[in-house]
Amino acid sequence: MSINPNIAELASLLAEPSRATILTSLMDGRFHTASELALMTGITPQTASFHLSKLIEGQLITFEKHGRHRYYQLANTDIASMLESFLTISAPPKVRSLRQSTQVQLLREARTCYDHLAGKLGVDLTDSMLANQYITTGDTEFVITAKGETFFTHFGIDLPVLKRKRRSFSHACLDWSERRHHLGGALGQGLMNHLFDIGWIIRVPSIRAVKVTELGTTGLHTVFDL
């Protein structure tokens with residue numbers, strides 16, 4: 001009998017295409033119903049419910065029940081990081097339609113990586129913060145500087161609240177499409193949420209892509225020189 005963790009059981013959950021699609025769909029960091037996930041995956045709600053039960057058993061997702069509906073989400077940020085790692089080493093999708101090509105391009109430009117920004121926008125923001133010496137590179141995390149503390153505070157991000165969170169503060173997350181690191185962790189989450197709050201970015205329906213607004217285009221150029 002092996003004393004090692006059961007990697008094969010985890011791999012079997014990820015090996016089923018519909019379950020893999022459900023998990024990547026939940027990388028937008030939001031709660032979704034079985035019907036919504038079925039639509040995203042292209043399967044029936046009954047089939048989606050079966051796969052969701054398997055993913056709950058495997059402790060990859062959780063749910064909250066409100067009334068008659070269950071709302072599903074990834075279990076934690078560790079699961080999101082694991083999925084992003086798999087995406088980094090996975091082959092690119094085969095594009096079979098104009099719609100799919102458009103969606104892939106949107107995801108590459110800007111998307112959510114569970115609770116922070118990824119894609120070209122996420123990497124460009126990180127590069128800008130490095131160039132302006134708001135953060136510096138560490139071993140596995142970015143390190144916020146004194147100049148960065150002042151910048152983020154003036155920009156409207158509550159750093160003391162973020163630092164109290166029981167998680168990585170400024171994780172360096174490898175971006176699967178850009179093959180470079182973007183800012184994750186509590187600081188990455190705080191930055192993304194703030195950009196949503198001030199209307200610089202909005203979500204794209206049905207997929208985890210985000211879009212820069214007209215206001216955001218001006219703001220990102222002024223504040224981050226993008």
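This briefing describes selected local features of the structure above. The model is predicted: local features require a pLDDT of at least 70 and side-chain atom pairs count only at pLDDT 80 or more, while totals for chains, interfaces and linings use all residues. Residues are numbered from 1 along each chain as its sequence is written, and side-chain values use heavy atoms, with hydrogens and water left out. Helices (H or I, at least four residues) and strands (E, at least two) are DSSP runs, numbered from the N terminus.

**The loop between S3 and S4**

- Tyr114 lies in the loop between strand S3 (111-112) and strand S4 (117-118), and has a positive phi of about 65° although it is not a glycine.
- Tyr114 has a relative accessible area of 11% and is therefore buried; the classes are buried under 20% relative accessible area, exposed over 50% and partly exposed in between, with a 1.4 Å probe and protein chains only.
- Asp115 also has its place in the loop between S3 and S4, and is buried, with a relative accessible area of 9%.
- The side chain of Asp115 makes a polar contact of 2.5 Å with that of Arg167 and another of 3.1 Å with the side chain of His116.
- A polar contact is a pair of N or O atoms within 3.5 Å; within protein, one must be able to donate a hydrogen and the other to accept it, and residues adjacent in sequence count only if both atoms are side-chain atoms.
- With neighbours within four places in sequence left aside, Asp115 is in contact with Thr77, Arg167, Gly188, Gln189 and Met192, where contact means heavy atoms within 4.5 Å.

**Helix H7**

- Helix H7 (residues 119-131) has 13 residues and reaches 18 Å from its first C-alpha to its last, close to the 18 Å expected at 1.5 Å a residue; the expected span is 1.5 Å times one less than the number of residues.
- The buried residues of H7 are Gly119, Leu121, Gly122, Val123, Leu125, Thr126, Ser128 and Met129.
- Gln133, which follows H7, has a positive phi near 60°.

- The hairpin has two residues between the strands, and Gly67 takes a positive phi near 65°.

**The segment after H11**

- Asp225 is found in the segment after helix H11 (214-224), and its phi is positive, near 60°, in a residue other than glycine.
- Asp225 counts as exposed, at 60% relative accessibility.

Technical notes: Two strands pair if DSSP finds at least two bridges between them.
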